[in-house]
Amino acid sequence: MNDHTPALLIILPLLFAFMVSGMAWIKKSLCYPLAVAGSGLCAFFSIRVFTHVLRHGTMQYSLGGWEAPWGIGYHVDLLNGVVLVAVSVLAFINMIATRKAAAIQFPEKEGAFYALYLLFIVGLVGIVATGDLFNLYVLLEVASLTSYALIALGEGRAPLSSLNYLYMGTIGGCFYLLGVGYLYIMTGSLNMADVASLLRPLYESGAIWVAFTFCMVGIGVKMAFFPLHVWLPNAYTYAPSAVSSLIAPLMTKVMVYVMIRLMISVFCVDFAFSVLDLGSAMVWLSILAIVMGAALALAQKNLKRLFCYIIVSEIGYMVGGAWLGNAAGMTGAILHILNDALMTICLFLAAGTIHYRINNLDLDHLQGLFGRMPVTMACLVAAGLSIIGVPPTCGFFSKWYLITGALQAGQYGFMAALLFSSLVNVILFFRVFEIGYYGDPGHGHMHGSSPETRTEAPAAMLAPLLILSAGLVVMGVFTGSIVAAVIDPIIPAGLAR
Amino acid sequence: MKTAGIIIVLLAGALLLYATRDFPPWGALDSPASTHVSPRYLQKAMEETAVPNVVTAVLADYRGFDTMFETTVIFCAGIGCFILLRVFRQRPGDRYYRHIATEITLHIKGGRIPKKSSEFERIDALWTPYDLIIKTVCRILVPFIQLFALYVIAHGHHSPGGGFQGGVILGASVILLAISHNMRTAIDRFSEKTNNLLMAIGVFIYTGIGTVCILLGAGFLDYRSLSAVLFVDKIMARSHGIFGVEIGVGITVMAVMISIYNNLASAGKQDEGL
């Protein structure tokens, strides 16, 4: 009980969130430094926890001094350890990168904005670290409520799309809660490990598969899995740029993590694949998600909206990979959570940087952008290549695992969908690059400056973007060792190798 | 679209009903829910936490970590309403002033806001003349409501109640003042700054007590370690720790209620309410 790091990584940003919110009324200039400190400490302790887990194995922490089934326990293994690091580090980098954009958009409410920002991080980090089904729901509420408020801060139709998201998100949350309620009635416990051991004799019971279905549908709404994705494009498009580059990469990926956690640690793979035999049905649904996401992305005329549909399609990759029912597919899905978070934050940060200068993200306003913002566009190219899946960027490797998994499982449809979506991504990104490179800058609607002048964004925004783009390649180069050290040990034994 | 919605709702409902077939019988003594974790709560709560009300013991101690985040959810709601609704730089719109001695009403359009004076009082656009009964009754009622709220918070250990309920009642007393008089009267007594600070202070108390437990060498929210600073034994320390966090919950809930009311009723101007 001496190592408090698993608790501290949630408590410290929480304490700092309250301090930031109070400080807004005492000394405004301290809000941002406090927020950076809170988010930085969260990232620091996440990395500490992860390295500890790498060296010494799983960490347990009982809150309130009550042991697990009676109290709430934290349970950090390699799977949540690595997702914790991804979430907290990316949120920290985004906070630094979007400082200027946020300062312009919310001059008077900076304190409240950063308090919500920190609380959103707390919510996500808590969802990932917890080992308790109900605690997960409460933190899901924290993360969702803050994201509704943050998205509604945008201009134009943002409040309306946030309201739409609120309805859908609340329904999703209720479905998850109903599922947990049924599990509690059947097992009498809320602790994940405890529920998993109590469930084994109950696998044939109808109430359990209804609970499973409700949990999965609820999480499906929150992660924008294809037919349930309708809230996502509007919400993320109209959100302020500092917010969309925070929420878009993290929220949906964390929900994919929750799905995988439920599949492997609560219901266990035997239940998901042998008892229910949902594998191929879910893979077909994700084929639909991938194809429809890609097709809808083709129709978009706004850069951010286009990225939103790419997310819908990428969610299909991860869900499909997890449900392929073999080790390669699961490896691909888990690896893609990390890679996709990195790629999406690159895309949305680049979009935010362009928006900072041009104030418009319609595709026909991007003409001549390579001349005006070369560094930003270079980062966008890196992220685009990674989404397409060009080696040595990380996107190639997770796609490789997914395709290997599809071949092993005999799911050729899934493989075809992956290749189709890669081709569509080629078209999408090269269209953007073409407009940015060959588009006649004089032809578009210019805002004052002559086309040749460079109007690159300030270095404070570019440096984080460059670091993240470099990260795309670094992740790709080190894929082998990441998979061997982190992902292989957590693949459950029940999956075919 | 509408029929599709109804079909989905019916399908989900049918699925839920179908699953109840496998449930243990209603109120069965041997059902998992009443044999797995709850016996310990029911039998040992008193000796482990010195709190006679089992609900409070589970809520604020066994699963106190959840309750901390429930309070955070309420805090998020308050901050969310504040950030979305509050307008700071408003164009001075139409305002009404009443000359107290002659009861003449002045209508001012735009311009600067005059300083406060003893001769003029600012009135709402939908102003109704002074109502002796309503105002006097509410003025007398407010302190009793607040006293009752404090009782509800303090008595949560023994009877239904606690921070959430008490906090709502406390908030209601200030909102009653705003409804019966006007919003400016309530804000003069309970300023926006105080209220927003209290909103953060309440949850900070909750999380802070948990952090103090870490500093005293136990786990987060493990109130037993508070016995070192409270000079009581470990069981009583749990009871006092629960009381501490209930106070925090009460403060935040009160402040959030007031903040949401003020921002909603005045459309973020914190000027003229209902």
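Reader: In this predicted model, what distance separates the centres of domain 1 and domain 2 of chain B?
Author: The model is predicted. The domain assignment of chain B places 32-91 + 130-265 in domain 1 and 93-127 in domain 2. Taken over C-alpha atoms, the centres of domain 1 of chain B and domain 2 of chain B are separated by 38 Å.

Reader: What radius of gyration does chain B have, beside that of a compact globule of 274 residues?
Author: The C-alpha trace of chain B spans about 75 × 65 × 35 Å along its principal axes. For a compact globule of 274 residues, a radius of gyration near 19 Å would apply, but that of chain B is 25 Å.

Reader: In what order do the elements of chain B run from the N terminus on?
Author: Chain B contains 11 helices and 3 strands. Read from the N terminus on, these elements follow the order α-α-α-α-α-β-β-β-α-α-α-α-α-α.

Reader: Why is chain A described as being as compact as a globular protein of its length?
Author: Chain A is built with 21 helices and 2 strands. The globule rule gives 23 Å for 497 residues, and the radius of gyration of chain A is close to that value, so chain A is as compact as a globular protein of that length, at 22 Å. Along the principal axes, the C-alpha trace of chain A spans about 70 × 60 × 40 Å.

Reader: Which residue of chain A forms a salt bridge with B:Arg63?
Author: Side chains of opposite charge can pair when their charged atoms come close. Between chain A and chain B the count is 2 salt bridges. In one of these, the closest N and O atoms are 2.7 Å apart, and the partner of B:Arg63 is A:Asp132.

Reader: How many residues apart are A:Arg99 and A:Glu110?
Author: Over all chains, the whole structure holds 13 salt bridges. One joins the side chains of A:Arg99 and A:Glu110, at 2.6 Å from N to O. A:Arg99 lies in helix H4 (residues 99-105) of chain A and A:Glu110 in helix H5 of chain A, so that the pair links distant parts of the chain, 11 residues apart.

Reader: Where is the loop that holds A:Pro392?
Author: The peptide bond from A:Pro391 to A:Pro392 is cis, with omega near 5°. The loop holding A:Pro392 is between helix H17 (374-388) and helix H18 (394-409) of chain A.

Reader: What is phi of A:Ala224?
Author: A:Ala224 is found in the loop between H9 and helix H10 (231-238) of chain A. Its phi is positive, in a residue other than glycine, with a value near 65°.

Key: Residues are numbered from 1 along each chain as its sequence is written. Chains are lettered from A and ligands numbered from 1 in the order in which they are written. This is a predicted model: local features need pLDDT of at least 70, side-chain atom pairs count only at pLDDT 80 or more; totals for chains, interfaces and linings use all residues. Side-chain values use heavy atoms; hydrogens and water are left out. Domain bounds come from an automatic or database domain assignment. A salt bridge is a side-chain nitrogen of Lys or Arg within 4 Å of a carboxyl oxygen of Asp or Glu. Helices (H or I, at least four residues) and strands (E, at least two) are DSSP runs, numbered from the N terminus. The radius of gyration is taken over C-alpha atoms; the globule rule is 2.2 Å times the number of residues to the power 0.38.
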